[in-house]
Amino acid sequence: MHTKNFVLAGLLVMTGIFAAAQDKFFTKNGRISFVSKGNIETIQANHKSVTCVLDSKTGNVQFSVLMRGFEFRKALMQEHFNENYLESDKFPRSEFKGQIVNNSAIDYTKDGTYDAKVKGTLTIHGVTRDVEADGKITVSGGKPKASTTFGILLSDYNISIPSLVKENINNNVTITVDCPMEPLKG
């Protein structure tokens with residue numbers, strides 16, 4: 001009789017662990033791009049190795065980006081981005097930590113597209129600032145995809161633009177995030 005209870009208790013614990021794991025989603029293959037439309041030239045870069053963790057129970061979400069992972073059309077732009085503007089050796093990572101404030105309106109168990117309002121902090125170039133953005137959570141086959149587009153000012157993050165290239169680089173940057181996720185195992 002004790003063996004039967006032990007097996008039943010073990011199954012209940014394993015079910016609880018599995019169910020808890022299904023509340024958390026993860027990717028290492030998220031995408032972030034940014035665009036700066038200057039008077040002379042548009043500067044655009046893409047990153048294909050963004051890490052994101054989402055807790056569907058609490059709405060907590062976190063993104064992490066290695067700055068050297070951004071790819072540009074021109075190698076010189078990439079070099080200037082890392083060495084002169086973002087100082088990627090000194091500030092190798094950018095992070096967002098926040099929460100989906102309307103998380104209760106999102107049904108992670110039902111396929112569909114849901115509006116998401118996200119608030120949190122964004123750290124770039126060693127500077128952390130509060131940000132808010134509207135986005136979407138698209139659930140397909142039990143897997144969420146987080147997406148949003150929002151703007152920042154380079155000056156808010158102490159990223160200075162030399163006067164020599166002020167016509168090329170706009171202080172306003174549009175950031176687009178697209179992170180399809182899988183259930184976190186473990």
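Leaving aside its neighbours within four places in sequence, with which residues is serine 94 in contact? Select serine 94 and the answer is Phe63, Ser64, Val65, Met67, Leu122, Thr123 and Ile124, where contact means heavy atoms within 4.5 Å.

Before going on, note that this is a predicted model, in which local features need pLDDT of at least 70 and side-chain atom pairs count only at pLDDT 80 or more, while totals for chains, interfaces and linings use all residues. Residues are numbered from 1 along each chain as its sequence is written, and side-chain values use heavy atoms, with hydrogens and water left out.

Stay with serine 94, which has its place in strand S5 (residues 93-100); strands here are DSSP runs of E with at least two residues, numbered from the N terminus. Serine 94 is buried, with a relative accessible area of 8%, buried meaning under 20% relative accessible area with a 1.4 Å probe and protein chains only. Show its side chain, and a polar atom there lies 2.8 Å from the backbone oxygen of threonine 123.

Next select strand S6 (residues 112-124), which pairs with S7 in the antiparallel sense over 13 bridges; two strands pair if DSSP finds at least two bridges between them. Glycine 112 stands opposite valine 139 in S7, and in the hairpin of these strands, which has two residues between them, histidine 125 takes a positive phi near 55°.

From S7, move to strand S8 (residues 143-153), which pairs with S7 in the antiparallel sense over six bridges, with threonine 138 opposite lysine 145. In this hairpin glycine 141 takes a positive phi near 60°.

S8 in turn pairs with S9 in the antiparallel sense over nine bridges, and isoleucine 152 has valine 173 as its bridge partner in S9. Strand S1 (residues 24-37) runs antiparallel to S9 and is joined to S9 by five bridges, one of the paired positions being serine 33 with threonine 176.

Finally, select Phe34, Phe70, Phe81, Val173 and Ile175, which, of the 47 residues that line the largest pocket, are the closest to its centre. Strand S7 (residues 127-140) gives the most to this lining, with six residues.

Notes
On a 1 Å grid over the protein atoms alone, a cavity is a set of points where a 1.4 Å probe fits but cannot get out, and a pocket is an open set with protein on both sides within 12 Å along at least five of seven lines; lining residues have an atom within 4 Å of a point. Helices (H or I, at least four residues) and strands (E, at least two) are DSSP runs, numbered from the N terminus. Buried means under 20% relative accessible area, exposed over 50%, partly exposed in between (1.4 Å probe, protein chains only). A polar contact is a pair of N or O atoms within 3.5 Å; within protein, one must be able to donate a hydrogen and the other to accept it, and residues adjacent in sequence count only if both atoms are side-chain atoms.
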